Amino acid sequence: MNGNDWMERAACRFEDPEIFFPTAEDGPALDAQVALAKSVCARCVVRAECLVEARARIPYGIAGGLTPEERRIPRPRKTVVEPVVALDDGPRPDATRSEIQAAGRVLLAAGRTQQEVARRCGVSARTVARWATQFTDTSTTRGVA
Ligand code: SF4
């Protein structure tokens with residue numbers, strides 16, 4: 001088994017390779033050629049693997065369901081949540097439970113009282129007490145005083 005085994009499952013295996021290299025310069029003719037190639041990619045079970053390979057090594061043609069120009073668009077990065085900032089004026093309306101808990105732990109680690117953390121995070125004092133216990137357990141496990 002090697003890293004390119006996925007190619008054996010590619011939907012384009014039995015297609016004319018030329019369809020992945022449009023010859024039209026622009027306009028409806030180019031659109032039609034691109035659409036034809038993309039229609040093959042759309043039913044391909046190894047599109048994700050192909051796209052990784054294409055982004056790294058295939059500068060021309062349609063691959064992984066994208067044109068070369070589309071492949072050059074940077075992939076969106078994961079948003080990094082800054083819990084303290086997010087909770088300065090209370091939890092964001094769209095904050096998830098785990099984000100609120102993470103923010104609470106940051107506030108506890110920063111020395112805020114459990115009462116203040118409960119108020120800022122919009123949770124009960126009991127919940128914060130539980131976070132504090134878990135935080136202490138985790139800190140102790142990691143060798144942090
Ligand atoms: S995604 Fe498209 S180009 Fe890539 S293997 Fe599948 S059919 Fe072929």
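Helices are DSSP runs of at least four residues, numbered from the N terminus. The legends below use these names for a predicted model.

**View 1**
The chain holds 7 helices and 0 strands. Read from the N terminus, the order of elements is α-α-α-α-α-α-α. The chain has 145 residues, and 31% of them are buried. Now take the contacts between residues at least 6 apart in sequence. Of these, 36% link residues that are at least 24 apart.

**View 1. The ligand lies in the largest pocket.**
Which helices give two or more residues to the shell around the ligand? They are helix H1 (27-42) and helix H2 (47-57). The shell includes Val 40 and Cys 41, along with Arg 47 and Cys 50. Ala 10, Ala 11 and Cys 12 also surround the ligand. Cys 44, Ala 63 and Gly 64 complete the list. By type, the shell residues split into 8 nonpolar, 1 polar and 1 charged.

Is Cys 50 buried or exposed? Its relative accessibility is 16%, so Cys 50 counts as buried; the cut-off for buried is under 20%. Cys 50 touches Trp 6, Ala 63 and Gly 64, leaving aside residues up to four places away in sequence. Met 7 is 43 residues away from Cys 50 along the chain.

**View 2. Helix H2 has a buried side and a face turned away from it.**
Cys 50, Leu 51, Glu 53 and Ala 54 are the buried residues of H2. Why do they line one face of the helix? Seen down the axis of H2, they fall within an arc of 165°, so they line one face. The face turned away from this buried side carries Ala 48, Val 52 and Ala 56, which are exposed. Helix H3 (68-72) is part of what covers the buried residues of H2.

**View 3. Glu 53 sits in helix H2.**
Glu 53 counts as buried because its relative accessibility is 17%. Which residues does Glu 53 touch, not counting residues up to four places away in sequence? They are Asn 4, Trp 6 and Ile 58. Trp 6 is also touched by Cys 50.

**View 4. Gln 114 is found in helix H6.**
Helix H6 covers residues 114-121. Gln 114 has a relative accessible area of 36%, so this residue is partly exposed. Its contacts, not counting residues up to four places away in sequence, include Leu 108 and Ala 125. Val 128, Ala 129 and Ala 132 are touched as well. How many residues apart along the chain are Gln 114 and Gly 104? They are 10 residues apart, and their C-alpha atoms are separated by 8.9 Å.

**View 5. Ile 100 has its place in helix H5.**
Helix H5 spans residues 97-109. Ile 100 is buried, with a relative accessible area of 16%. Cys 121 is 21 residues from Ile 100 in sequence. From C-alpha to C-alpha, the two are 6.2 Å apart in space. Cys 121 falls within the range of helix H6, residues 114-121.

Definitions and conventions. Residues are numbered from 1 along each chain as its sequence is written. This is a predicted model: local features need pLDDT of at least 70, side-chain atom pairs count only at pLDDT 80 or more; totals for chains, interfaces and linings use all residues. Side-chain values use heavy atoms; hydrogens and water are left out. A residue is near a molecule or strand if one of its heavy atoms lies within 4 Å of it. On a 1 Å grid over the protein atoms alone, a cavity is a set of points where a 1.4 Å probe fits but cannot get out, and a pocket is an open set with protein on both sides within 12 Å along at least five of seven lines; lining residues have an atom within 4 Å of a point. A molecule sits in a cavity or pocket if more than half of its atoms lie within 2 Å of its grid points. Ala, Val, Leu, Ile, Met, Phe, Trp, Tyr, Cys and Pro count as nonpolar, Asp, Glu, Lys and Arg as charged, and the others, Gly among them, as polar. Buried means under 20% relative accessible area, exposed over 50%, partly exposed in between (1.4 Å probe, protein chains only). Contact means heavy atoms within 4.5 Å. The arc is that of the directions from the helix axis to the C-beta atoms.
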